[in-house]
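Dear colleague,

Please find the structure below, together with its sequence. My notes on what was found in it follow.

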Amino acid sequence: MHARTQDTSSRIDAAIDSLDPVMALMALIQITGDRTLLSRYWKDLDGKQVRVVEAFVDINEHGAQEPVDPAVAGEIREALRTAVKAGKTPVMPQIDRPMFKRMSRLLLGRDLPEMSLDVAFQHAGFTTDTRVRDAADIPPPDFKVLVVGAGMMGINAAVKLQQAGFDFTVLEALDQVGGNWLTNTYPGAAVDTPSRVYSYSFEPNASWTQYYPRGPEFLSYLDRVTDKYNLRGRIRFGTWVEGAEWDEAHRIWTVKAVRNGRPETHECNVLIMAVGPNNNPNYPKVKNLDVFKGPVVHSAAWDHSVELQGKKVVLVGTGCSGVQVATAIADKVGELVIIQRQPEHIIPNPQAHAPVDQLEIHAMEEIPFIVNWKRLQALESAMSDMHGMIMKDEEYAAKTGGFGPINDGMRMMCEGYLKSHFPDKPEMVELLTPNFPVFAKRPILDCGFYDTLKKPNVSIVRGELAEADENAVILSDGTRIECDVLLLSTGYNLHFGRQFDIRGTGGKTLKDAFDPHPFSYEGMLITGFPNFVFMGAPYSYLVANHAVVSEQQVHYIIELLQWMVDEHLSSFDVTPEATQAFIEDVDANLQKTAWVQCGSAHGYYRDKGADGQKKVILAIPRHNSRIWHDLRSPRAEDFKVTRKDGDAPARQSGMEMLTI
């Protein structure tokens, strides 16, 4: 046996020996195609599942009720070992829904809700094709699609447009793919969603080295996907889009851009904006900030030339990026003073910096289907009913004075976690305890922030940055703090397309349409802007991670474009009535959520209009599994459509009977 082959064999042996027998059985069934194994081992394994919970708590909170009989576990592992080392093509690479339902029940120890079955089947990666419309025709060669942005959403759209046969080009302002993960290079920058599910379901990554990947590792993943699908040649890098105008007569979009300092124009039948809402750093209004002699650095535009070693640093902001920056630089700076406008709910996260066990990586890399079943475990909690997490339970609140059972439970978990770090410092507990429900602001997965606050060179003060002089910053209460460097972790401006000069029907700009607040239909479409899709528009966030939401939106886009092709449509525009009905329903239900009933909480969930009024537009108060079903197919009655002059949809002729 060659050394490399022997190494692979040894890795497989070790991975299988460490594998939970229920997980091993899942792979064994698909590799061998032997469905009888499920019933044969059911009684031996049911009730002894290893539970893996990834949402909001330690992703490795394992707890089998009782161990599996070693003889049974050994039998399953040996059978899997034989099957894997045989190297044959798996007999059952595709599993049907009934089999998936039964297998997932054994793996998870409970039935998935009916509404989540198809959702889990797709997002765990057991199918890469969720097309609903049976295409009647292929896209014509003159049908052009333009995608703006080559971040996570844009790459997703490009893959599926290519698979569906559409001619497309991606315009990207930067010189690489990655979007925010290319520009966010601050110390400690990391994804705060578990790596197993922060990836495309059609391209699961078996090789994550950390449970929460750092920016560079996620960028390398997007690079691999880009190259695997040969997308790089379809992306025009260094192309800054300035705006677009709808040509009603010709029913096309004219897009204006600048590349290498030269203006250029692109035309397309359908324009897809995949730029996301986090567009540029939000700098707080600080009097005399230009007088400060030291460097001023925003976390969203990090300057790596600024030396922090031994310096006295003031850090403003304790949101997700703020706590990551603080934890990453605390041991490097001479002194760190953190300015906190208000406390945040911080959730235990023991796996924040933990590497994925090498044996687990080997199992996902070497054993077919393990990566999918582990992904399903990671998705389980998001597929369940979440009663009382975001929506206020009025009956519960009347009885307890709380908000909802899950929300209150998470709040108590956060409070207990905080007190465990400062058992003898009630003043710190008070300083760091929010007085609003969980999810009124984005909860933070702890990356070591509480431990950072215990360091002798770190302090935290409650206040708001108001002014600066040559050597210090001054808070709104007059407190003056001398420092060498000022770091701002104060979030982004959420433009929702208002930074572009986009003109729809009658020349109306998107900025004017979004006065006083941005809106959408189904989180993607805007009335008065035909053939225009804004991925990640208002009313599409905070229900699932970005990977999940963008895949659901891309599915809808492909269904919408195929409808255009099949019905020979030259334009679509969602009706004002459909948009209004959607907005009224969403807004009414938002009133019942922690996002609106937020107490004193402030933050980016609430858009501030020109009239000074704030409105929650980011979130949608629906379970993600419902949204998945809502986005299966466009509802024709919600659209006004036009066809090419004199054109009509092709008639479906009956099948001609053949003879001999």
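Helices (H or I, at least four residues) and strands (E, at least two) are DSSP runs, numbered from the N terminus. Helix α11 (residues 358-366) contains His-362. His-362 is buried, at a relative accessible area of 13%, where buried means under 20% relative accessible area, exposed over 50%, and partly exposed in between (1.4 Å probe, protein chains only). Leaving aside residues up to four places away in sequence, His-362 touches Arg-11, Ala-15 and Ile-367; contact means heavy atoms within 4.5 Å.

Please note that this is a predicted model, in which local features need pLDDT of at least 70 and side-chain atom pairs count only at pLDDT 80 or more, while totals for chains, interfaces and linings use all residues. Residues are numbered from 1 along each chain as its sequence is written, and side-chain values use heavy atoms, with hydrogens and water left out.

Domains

The protein chain is divided into domain 1 (1-111 + 361-381), domain 2 (144-280 + 494-642) and domain 3 (283-345 + 393-436 + 438-490), with bounds that come from an automatic or database domain assignment. The centres of domain 2 and domain 3, taken over C-alpha atoms, are 31 Å apart. Their contact takes 22 residues from domain 2 and 23 residues from domain 3.

Between domain 2 and domain 3 about 1,900 Å² is buried, 51% of it from carbon and sulfur atoms; buried area is the accessible area (1.4 Å probe) that two parts lose on being put together, summed over both. Tyr-186, Asp-192 and His-602 supply 33% of the area that domain 2 buries against domain 3, more than any other three residues.

Salt bridges

A salt bridge is a side-chain nitrogen of Lys or Arg within 4 Å of a carboxyl oxygen of Asp or Glu. The structure holds 40 salt bridges, and the count between domain 2 and domain 3 is 1. Asp-192 pairs with Arg-442 in a salt bridge, with the closest N and O atoms 2.7 Å apart.

Arg-635 and Glu-522 also form a salt bridge through their side chains (2.6 Å, N to O). Arg-635 lies in the loop between α20 (624-630) and β25 (639-643) and Glu-522 in the loop between α17 (510-513) and β21 (532-534), so this pair ties together parts that are 113 residues apart in sequence. Arg-635 is partly exposed at 30% relative accessibility, whereas Glu-522 is buried at 8%.

Yours sincerely
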